[in-house]
Amino acid sequence: MRTITLEEHISTPEFLNATDKLWDGDPSVNFWKASGAKLLDTGKDRIADMDAAGIDMQVLSLSGIGMDRLDSATAGALARDTNEKLAAAVQAHPKRFAAFATLALHEPEKAAREFERCIRQLGFKGALVNGTIDGLFLDDPRFTPLFETAQALNVPIYLHPAPPTEEVRKAYFSGLPANLGFVLSTAAWGWHVETGLHCLRLIASGLFDRLPKLQIIVGHMGEALPFYMDRADMFLAQSTKHLQRPISGYFRENFHITTSGVFSLPPFLCAMQVVGADRILFSVDYPFCDNSLGRAFLDTLPISPEDMAKITHKNAERLLKL
Ligand code: MN
């Protein structure tokens, strides 16, 4: 059975150099440096790892955390350079790789033009963006060109987590020993619930009433949203009378979720009950998670062959036009 994964990361020496100084302190929490060699490889070693786990295609994206902390000119140049390298990786192995665009969102109009170039000229399948920009969530009206471009080109935007802003880090994650605060603010908890919050803000802003065909992808089994959707519906109903649909209506129709980095049955079953097999896509989060672990999880899922086909490849083929 064909298997396509969507949250699979690369980096470039230029991007790692530019963002390395952002991660001073304990090197054990520099996930990017720890995975450096695998992030930089888009050739035979990556493909051998995919083959060993029975993964046919990866949709590649920059692990772009730190892009928002660079100045606009540096970020713009790095995004364009990364997109050229992503295009070269796909061109070298077009049956094994596809790509999501890297965007420098400090200047949303410019980013939207680069987004369009990536889709029309480089054949990319969407864009992947990382968390807040200049401390702003993407429901801020300045980012409208990003979403208008996605809808106009009929491609999704993958909303990926990023470390919280300095204010949030201080208020919520300081006063803890060693690197505990950093890990708690990122992969252990913080950036997942922040991404879930980000999705709720996008919905509550009316974005999907203005752009009803827009599709957002979120990883990590839905960034806690399937678990809390009922609660969001219940308590936001009174405050979101300006919306055409309940919160969960948008979540079920304008979002897809992936299994990236969450290889555990209880959250998967919750996601199946809340959004269903048409909107769940298998992903790994390579190289931060192992392809083989993702595959082992996939192989144990108690679902029908039809649902398995949707989750492993049919949903991806439809959403990304692969
Ligand atoms: Mn990731």
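I take a cavity to be a set of points, on a 1 Å grid over the protein atoms alone, where a 1.4 Å probe fits but cannot get out. I join grid points across faces, edges and corners, and I take a volume as the space filled by probe spheres set on the points.

I note that this is a predicted model, in which local features need pLDDT of at least 70 and side-chain atom pairs count only at pLDDT 80 or more, while totals for chains, interfaces and linings use all residues. Residues are numbered from 1 along each chain as its sequence is written, and side-chain values use heavy atoms, with hydrogens and water left out.

Cavity entry. I counted one cavity of 30 Å³ or more, and the largest cavity has a volume of about 150 Å³. I found 16 residues in its lining (an atom within 4 Å of a point), and Met 67, Leu 103, Leu 128, Val 129 and Asn 130 lie nearest the centre. I looked up the strands (DSSP runs of E, at least two residues, numbered from the N terminus) and saw that β2 (57-62), β4 (101-102) and β5 (127-130) each supply at least two lining residues, with the largest share, three residues, coming from β5.

Cysteine entry. I searched for disulfides (pairs of cysteine sulfur atoms within 2.5 Å) and found zero. Cys 199 is in no disulfide, and the nearest cysteine sulfur, that of Cys 270, is 15 Å away. Seen from Cys 270, the closest cysteine sulfur is that of Cys 199, and 15 Å is too far for a bond.

Technical notes: On a 1 Å grid over the protein atoms alone, a cavity is a set of points where a 1.4 Å probe fits but cannot get out, and a pocket is an open set with protein on both sides within 12 Å along at least five of seven lines; lining residues have an atom within 4 Å of a point. Helices (H or I, at least four residues) and strands (E, at least two) are DSSP runs, numbered from the N terminus.
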